[in-house]
Amino acid sequence: MRIKKILLTMRLLISFIFTLLCLCPAKSQETEAKEVLFKVFVKGNDGTRIDLTANENYESKITGFFSHKAKYILKGTNADRNISQHNDIFIEILDTVQLRPNFFRLMNLKVKKRNREMVCWSNSMVVGPKDHSKDFIPTEIYPVDGNIYRISIKDLTAGNYLIMYQEGLCILQLFYDFDK
């Protein structure tokens, strides 16, 4: 019985240390990444580019004790931009050395009271870390031209969504939210 308690305590300690180690790179990226590494845009009916702006009005939280979740909460119940008439969203990678197209994520935002939130990753003592949450929407990213890529959003239902960059458990804290 005593050995079980020691093993459980060690497991909790390892889980806590792992969570702290995962948070350090994410926090450092938040403070260092004031330069724009990528842009998100749609095309108007006449083919003109309409840039989306990154939402800087958010907070990050880690919840749970035995099972941790990394949450991002965006202020307000709607995004500044509604793109319901568009079928595609485009990503322009400005820093091709640091960013790779297969790590861009389309996330579903859940509306809660006055905010919208998503879970980016979770960590459980039993299962271990998972970098794909229920809010992640699997999508294909198609190359268009050079460093520009396309994501089809025509099959999305009406709701709140977000484009972000997540490599493993590290998240580049630049969120482009939109309503569909």
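A residue counts here as buried when its relative accessible area is under 20%, as exposed when over 50% and as partly exposed in between, using a 1.4 Å probe and protein chains only. The model is predicted, so local features need pLDDT of at least 70 and side-chain atom pairs count only at pLDDT 80 or more, while totals for chains, interfaces and linings use all residues. Residues are numbered from 1 along each chain as its sequence is written, and side-chain values use heavy atoms, with hydrogens and water left out. The structure holds nine salt bridges, each being a side-chain nitrogen of Lys or Arg within 4 Å of a carboxyl oxygen of Asp or Glu.

- Glu92 forms a salt bridge with Arg49, with 2.7 Å between the closest N and O atoms.
- This pair links strand β5 (residues 88-93), which holds Glu92, to strand β2 (residues 49-51), which holds Arg49, across 43 residues; strands are DSSP runs (E, at least two residues), numbered from the N terminus.
- Glu92 is buried at 16% relative accessibility, whereas Arg49 is partly exposed at 36%.
- Through shared partners, salt bridges join Arg49, Asp51 and Glu92 into one network.

**Glu167 and Arg100**
- The closest N and O atoms of the salt bridge between Glu167 and Arg100 are 2.2 Å apart.
- Because Glu167 lies in strand β12 (residues 160-167) and Arg100 in the loop between β5 and β6 (104-112), the pair ties together parts 67 residues apart in sequence.
- Glu167 is partly exposed at 28% relative accessibility, and Arg100 is partly exposed at 40%.

**Asp177 and Arg116**
- Asp177 forms a salt bridge with Arg116, the closest N and O atoms lying 2.8 Å apart.
- Asp177 is buried at 6% relative accessible area, and Arg116 is buried at 1%.

Technical notes
Helix = DSSP H or I, 4+ residues; strand = E, 2+ residues; numbered from the N terminus.
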